Amino acid sequence: MAKTSEASPWPGLLASSTAGMIARVTCHPLDTCKAILQVQHSKKHAAVTGGQVGYSNFVHVLRATLQREGIVGLYRGFGVAFFGGAPGLCLYLSSYEKSKSWLGSFSYFQEQPAMSHFVSGMTAEAFSCVLFVPIDITKERLQIQGMGGGTTFNYKGNMDAIRQIWRHEGLRGVYKGYGATLLSFGPFSAFYFTFYEQLKAQSLVLTRTHPNDVPFIQHMLNSVLAGMAASFVTNPLDLVKLRLQVQRSGIASGGGDMLPWGRPYRHLFDGLSQIVKTEGTSALLKGVGARMAFHGPATAISMACYESLKSEFTPYF
């Protein structure tokens, strides 16, 4: 294929799609554990309602799910996440690269590259949420299916979940929690790319490596550190976002303690307020270990595969 003066987008598109699929296959069980931990009964709420606090940490969830359901239980919601994740990550990374390139034309962002990475991360999330929110809602409801209370669903699989959500809740149900997702994953992406780009720049200086010759393991290390740090900082936002997404429309508009964590949340800030009031400040970090355990390797695999595959694919376009 003839080369043009403008770089072809195909290496990045193919690399990001492949990276998204690889990361989902390897890390989905950890994502399932995180979802289960974040929606289970809090100790305070269980004492009032008689509900049970099922798991103490993500290792407990992992072991118990394997014993009860086998590996299949850890891969609930995998289909929609796997096939939807490829175009989702493709849009995510291409939006980030385009935004970073455009911001680089302004003198302010040339002098403050960290701000360019932060804003580009937010921009990437805003665009990719169009695909990721419906994927997340379907995936998360399948992951926590059967836990009891307001989160008991009767989905037979990925396609059945999509059909039921659309039939009973419409477009609003498909995009439930879009604002909360953007307010949650927007900062995550912003912090992630800020941390990642700084670590990447430092590693190039320390190892005296050309950007095109960075070894796969170095990409992995930079990304896993950035992913875990961003996961920790933004866990409270992710906790509320997930709970908003699994609330069924009928419950969300009702009253009373109809969910494992108490009454339904009206919006992100209401959720944060309720958690602090009813579960304590420490509950804001519920599931943080599982989230770091998921996003660390997930982002590491995604970015390391993306960076390496992009370099491999470039000569062919």
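**A first look**

Author: The protein has 317 residues, and 51% of them are buried (under 20% relative accessible area; exposed is over 50%, partly exposed in between, using a 1.4 Å probe and protein chains only). This is a predicted model, where local features need pLDDT of at least 70 and side-chain atom pairs count only at pLDDT 80 or more, while totals for chains, interfaces and linings use all residues. Residues are numbered from 1 along each chain as its sequence is written, and side-chain values use heavy atoms, with hydrogens and water left out.

Reader: Ok, how many helices and strands are there?

Author: There are 13 helices and zero strands. Helices (H or I, at least four residues) and strands (E, at least two) are DSSP runs, numbered from the N terminus.

Reader: And what share of the contacts comes from residues 24 or more positions apart?

Author: Counting contacts with a separation of 6 or more, 77% come from residues 24 or more positions apart. Contact here means heavy atoms within 4.5 Å.

Reader: Switching topic: at what angle do helix 9 and helix 10 pack?

Author: Helix 9 (residues 178-207) and helix 10 pack at about 170°, and their axes are 8 Å apart. That makes helix 9 roughly antiparallel to helix 10. For the terms: axes are lines fitted to C-alpha atoms, for helices over the stretch in contact, and angles run from 0 to 180 degrees between N-to-C directions. Under 35 degrees counts as roughly parallel, over 145 as roughly antiparallel, 65 to 115 as roughly perpendicular and the rest as oblique.

Reader: Which residue does Lys-241 bridge to?

Author: Lys-241 pairs with Asp-238, with the closest N and O atoms 3.5 Å apart. The two sit three residues apart in helix 10 (residues 216-246), so about one helical turn separates them. Lys-241 is buried at 1% relative accessible area, and Asp-238 is buried at 0%.

Reader: What about Arg-243 and Glu-279, how are they joined?

Author: Their side chains meet in a salt bridge, 2.9 Å from N to O. Arg-243 is in helix 10 and Glu-279 in helix 12 (residues 268-279), so the pair ties together parts 36 residues apart in sequence. Arg-243 is buried at 0%, and Glu-279 is buried at 10%.

Reader: And Arg-266, buried or exposed?

Author: Arg-266 is exposed, at 59% relative accessibility. Its salt-bridge partner Asp-270, 3.6 Å away N to O, is buried at 7%.

Reader: Which residues are linked in a network of salt bridges?

Author: Arg-24, Asp-31, Lys-34, Asp-136, Lys-139, Glu-140, Asp-238, Lys-241 and Arg-291 are linked that way.

Reader: Let's zoom in on Arg-24. Where does Arg-24 lie?

Author: In helix 1 (residues 10-39). Arg-24 is buried, with a relative accessible area of 16%. Leaving aside neighbours within four places in sequence, its contacts include Phe-78, Lys-139 and Phe-294.

Reader: Which side chains does Arg-24 make polar contacts with?

Author: His-28 is one, at 2.9 Å, and Asp-31 is another, at 3.3 Å. A polar contact is a pair of N or O atoms within 3.5 Å; within protein, one must be able to donate a hydrogen and the other to accept it, and residues adjacent in sequence count only if both atoms are side-chain atoms.

Methods:
Salt bridge = Lys/Arg side-chain N within 4 Å of Asp/Glu carboxyl O.
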